[in-house]
Amino acid sequence: MNRRSLLAGLGGIALAAPAVHTAKAQAITLNGASQFNDDHAFTKAMVRFEERVKALYGKPINFVLHKNSSLGLEKQYFEYMAQGRAVDYAIVSPAHMSTFSRAAPFIDAPFIFSDLAHWNRVLDQDMFKPVAEEVAQRAQVMLIGYAGGGVRNIFANKVVRNLGELRGLKVRVQGAPIWSRTFQAAGMAPTVIAYNEVYNAIQNNVIEAGENEAAGVEQMRFFEVAPNLAMTQHAITIRPLCFSSRTFARLPDDLKQAIMQAGKEAGAYGREVESGEDEQKLIALESAGRLKRIPFEGRAEMKKLVDPVIAAYAKEIGAEAILTRINGVIS
């Protein structure tokens with residue numbers, strides 16, 4: 001669905017209407033959006049956010065969470081939040097923030113985390129605060145919590161066991177330049193395709209592979225067209241829980257405090273859910289014969305090829321200090 005059709009389908013009026021209702025008898029209503037269903041970790045994190053806001057605020061408030069991509073995709077959610085209409089809160093990939101902050105996609109760039117322990121320590125130390133401040137200033141969207149935690153691997157329609165077999169692989173990557181550059185440095189042929197078009201692109205041999213965490217592979221049924229999961233473990237997902245600054249500005253102070261606290265708690269809950277479910281989902285898919293995990297022999301070699309690209313990109317976007325701090329964290 002293109003954006004024009006989506007806007008027409010939503011009737012324009014609904015998109016233009018402010019999320020905050022001021023009538024005395026009417027409680028404030030906030031609208032959220034998710035690409036996924038109730039079972040996905042991102043949706044669960046947003047439900048937890050709603051629950052915690054209600055508990056912390058203690059006054060009447062309504063939440064409407066639009067699921068299953070009914071309001072489009074994450075890119076559209078971020079645009080709506082920046083404009084202060086239709087979507088007040090959502091979990092969005094940092095890749096979709098690159099228009100406003102070149103450093104934003106660096107939050108979960110490939111190979112910047114050695115493992116989950118390292119990833120958790122980096123998040124606990126709030127190392128991405130400079131990125132959050134830039135996004136808030138330029139996009140009018142606040143990053144109020146950090147969900148994620150899924151280890152990303154490459155799903156393909158053929159077996160990929162090492163760098164040799166990876167060479168020339170036509171793989172879908174996210175839109176941020178760092179993904180294309182790093183995958184190209186590792187010898188692959190990356191291409192940017194919309195997330196909801198990946199399945200058909202593999203099915204029609206436009207591409208051979210994609211990359212995702214277990215929850216995404218399961219939700220989008222990528223295993224049906226690409227049942228071989230090369231365990232490259234090239235990235236660990238970070239998905240900021242975002243809130244529209246324009247909506248936030250219209251809210252009462254006690255609700256603002258509740259939202260900020262709930263955002264942190266919901267982000268931590270989302271990380272716990274996704275990192276905990278990751279292995280379970282892969283085991284279930286493999287046990288059902290839907291997916292086959294392929295050990296990958298060249299991760300260390302791949303990282304050596306990618307590291308100079310990561311360092312150059314960090315310098316280019318002014319994220320050298322962030323990378324230095326990340327590398328200085330003991331995993």
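Keep in mind that the model is predicted.

Let's start with the rings. There are eleven aromatic pairs in the structure. Take F36 and F42: their ring centres are 5.7 Å apart and the planes meet at 70°, and since anything over 60 degrees counts as edge-to-face, that is what this pair is. Both F36 and F42 are buried.

F63 and Y89 are another edge-to-face pair, with 5.8 Å from centre to centre and 80° between the planes. This pair ties together distant parts of the chain: F63 sits in strand 2 (residues 61-66) and Y89 in strand 3 (residues 89-91), 26 residues apart. How exposed are the two partners? Y89 has a relative accessible area of 0%, so it is buried. F63 comes in at 14% relative accessibility, and because the cut-off for buried is under 20%, F63 counts as buried too.

The charged end of R48 lies over the ring of Y269, 3.7 Å from the ring's centre. Likewise, R271 places its charged end over the ring of W119, in this case 6.0 Å from the centre.

Now on to helix 13, which covers residues 299-316. With 18 residues at 1.5 Å a residue, helix 13 should span 26 Å, and its end C-alpha atoms are 25 Å apart, so the two values agree. That said, helix 13 does bend, by about 35° at V306, and a proline, P308, follows within four residues. Which residues of helix 13 are buried? They are M302, V306, I310, Y313 and A314, so V306 is both the site of the bend and one of the buried residues. The buried residues pack against helix 7 (163-166), helix 8 (177-185), strand 8 (228-244) and helix 14 (320-327). After helix 13 comes G318, with a positive phi near 75°.

Strand 8, one of those packing partners of helix 13, leads us to R239, which lies in it. Is this arginine buried or exposed? R239 has 5% relative accessibility, so it counts as buried. Leaving aside residues up to four places away in sequence, R239 touches a list of residues that includes D108, R152, Q174 and the run G145, Y146, A147 and G148. Also among its contacts are I91, V92, S93 and P94.

How values were computed: Residues are numbered from 1 along each chain as its sequence is written. This is a predicted model: local features need pLDDT of at least 70, side-chain atom pairs count only at pLDDT 80 or more; totals for chains, interfaces and linings use all residues. Side-chain values use heavy atoms; hydrogens and water are left out. Rings of Phe, Tyr and Trp (its six-membered ring) pair if their centres lie within 6.5 Å; planes under 30 degrees apart count as stacked, over 60 as edge-to-face and the rest as tilted. Buried means under 20% relative accessible area, exposed over 50%, partly exposed in between (1.4 Å probe, protein chains only). Helices (H or I, at least four residues) and strands (E, at least two) are DSSP runs, numbered from the N terminus. A charge sits over a ring if NZ of Lys or CZ of Arg is within 6 Å of the ring centre and within 35 degrees of the ring normal. The expected span of a helix is 1.5 Å times one less than its number of residues. The bend at a residue is the angle between axes fitted to the seven residues ending there and the seven starting there. Contact means heavy atoms within 4.5 Å.
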